[in-house]
Amino acid sequence: SFLYTGAYIIADAPAPEEGVENPPNSENKLSQGLLFIVLDGGVKELMLDRELMPTLNSMVYPDGTFVDVLTNPLTMTASCVKEMATGIPSRPNEGLSNFHPEHPGTPDGWTLASEADVDDDGIYDYRVGIVGDYVWGDLYSGNDKINFMKHRYGHADYYQGDTESFETLNAWLDGEVPASNTKPGVTFEETPNIIIAHLSGLDSVGHRYGVENSEEYTEKLTWLDDNFRTVFAKVPKDWTVVVTSDHGLTPSGQHGSPDYEIRDVGAWLWGPHIKENYYSPIQIDQRDLSTLPSLLFSLPLPHA
């Protein structure tokens, strides 16, 4: 039993490590930029409530698409983020390293975007910026082309980190380039046109106050939606916007188990070439989201 179970727990995920599939037409880009927002601990049913999050839902109906998303059974932030970023299924033992995920070393869309120079003019086509939770910073700490701004201060941080994240988001969308607070000596001269924002305060509120009949949780959702109103108004019309969750929460504010209510999250999408007023009948796996940079910007699709 130990040999079989132990081998399974430490086994690598069954995914190819190398290889990419070239896009059929490198000039056929669907979008000129991307804002990818992750609400940590976002409960799908409450995020769909138009009274709690009117701004978010008004962007999808009538102008966008809603997709059901199913996370992996290990509903921990690091494993879910790793799958969204790389497409690689998480190993069972990765729950033990929830706060410090390791990149599997395979090609992924976000890395390919940061290195893309389609016309070979010596200028990168995309500037990738990440703001918020440090799990993304851990994944891309070795990539000096990605500007990571850490705004996260532990499980007692209900608002400060998210407030700072919105300040950085607004600055980037206004054309400013704040100095990286995680990569000393690395200078970024242009504002990002691919932005990942992982906002963690909602998860902290859910852990502390629960979700069911929780005024604190619903107030946090509304606060996020109020800030979305300012941010979304600044997003260029030729960009794509995606809002999703890394995982949900139980009524008491917990996650980590494979319960369906925790794994069932959503994705709100709008922008050029996104279907309008559409509710997708198909549920996708969370790691399918890792294909977005390749699909939107006509970049290679990693075999992983």
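Let's start with β9, which gives the most to the lining of the largest pocket: four residues. Strands here are DSSP runs of E with at least two residues, helices runs of H or I with at least four, numbered from the N terminus. A note on the source: this is a predicted model, with local features needing pLDDT of at least 70, side-chain atom pairs counting only at pLDDT 80 or more, and totals for chains, interfaces and linings using all residues. Residues are numbered from 1 along each chain as its sequence is written, and side-chain values use heavy atoms, leaving out hydrogens and water.

Back to the pocket. The volume is about 420 Å³. A pocket is an open set of points on a 1 Å grid over the protein atoms alone, where a 1.4 Å probe fits, with protein on both sides within 12 Å along at least five of seven lines; lining residues have an atom within 4 Å of a point. The volume itself is the space filled by probe spheres set on the points. There are 19 lining residues, and Thr65, Val67, Leu269, Ile274 and Leu292 are the closest to the centre. Besides β9 (278–285), β3 (64–70), β8 and α11 (292–297) each give two or more residues. By class, the lining has 13 nonpolar, four polar and two charged residues.

Next, the cores. A nonpolar core is a set of buried Ala, Val, Leu, Ile, Met, Phe, Trp, Tyr and Cys residues joined through side-chain atoms within 4.5 Å. Buried means under 20% relative accessible area, with a 1.4 Å probe and protein chains only. The largest core has 36 residues; Leu35, Ile37, Leu39, Met53, Phe232 and Val243 have the most contacts inside it. Which element gives the most to this core? That is α9, with six residues. A second, separate core has 33 residues, including Phe36, Val67, Val265 and Leu292.

Now α8. Gly201, Leu202, Asp203, Ser204, Val205 and Gly206 are buried there. After α8 comes Gly210, with a positive phi near 80°.

Last, the rings. The structure holds 11 aromatic pairs, with ring centres within 6.5 Å. In one, Phe66 and Trp268 have centres 4.9 Å apart and planes at 70°, so the pair is edge-to-face, a class for planes over 60 degrees apart. Phe66 sits in β3 and Trp268 in β8, 202 residues apart. Phe66 is buried at 0% relative accessibility. Trp268 is buried too, also at 0%. Finally, Tyr159, Phe166, Trp223, Phe228, Phe232 and Trp270 form one aromatic cluster.

Methods:
Buried means under 20% relative accessible area, exposed over 50%, partly exposed in between (1.4 Å probe, protein chains only). Ala, Val, Leu, Ile, Met, Phe, Trp, Tyr, Cys and Pro count as nonpolar, Asp, Glu, Lys and Arg as charged, and the others, Gly among them, as polar. Rings of Phe, Tyr and Trp (its six-membered ring) pair if their centres lie within 6.5 Å; planes under 30 degrees apart count as stacked, over 60 as edge-to-face and the rest as tilted.
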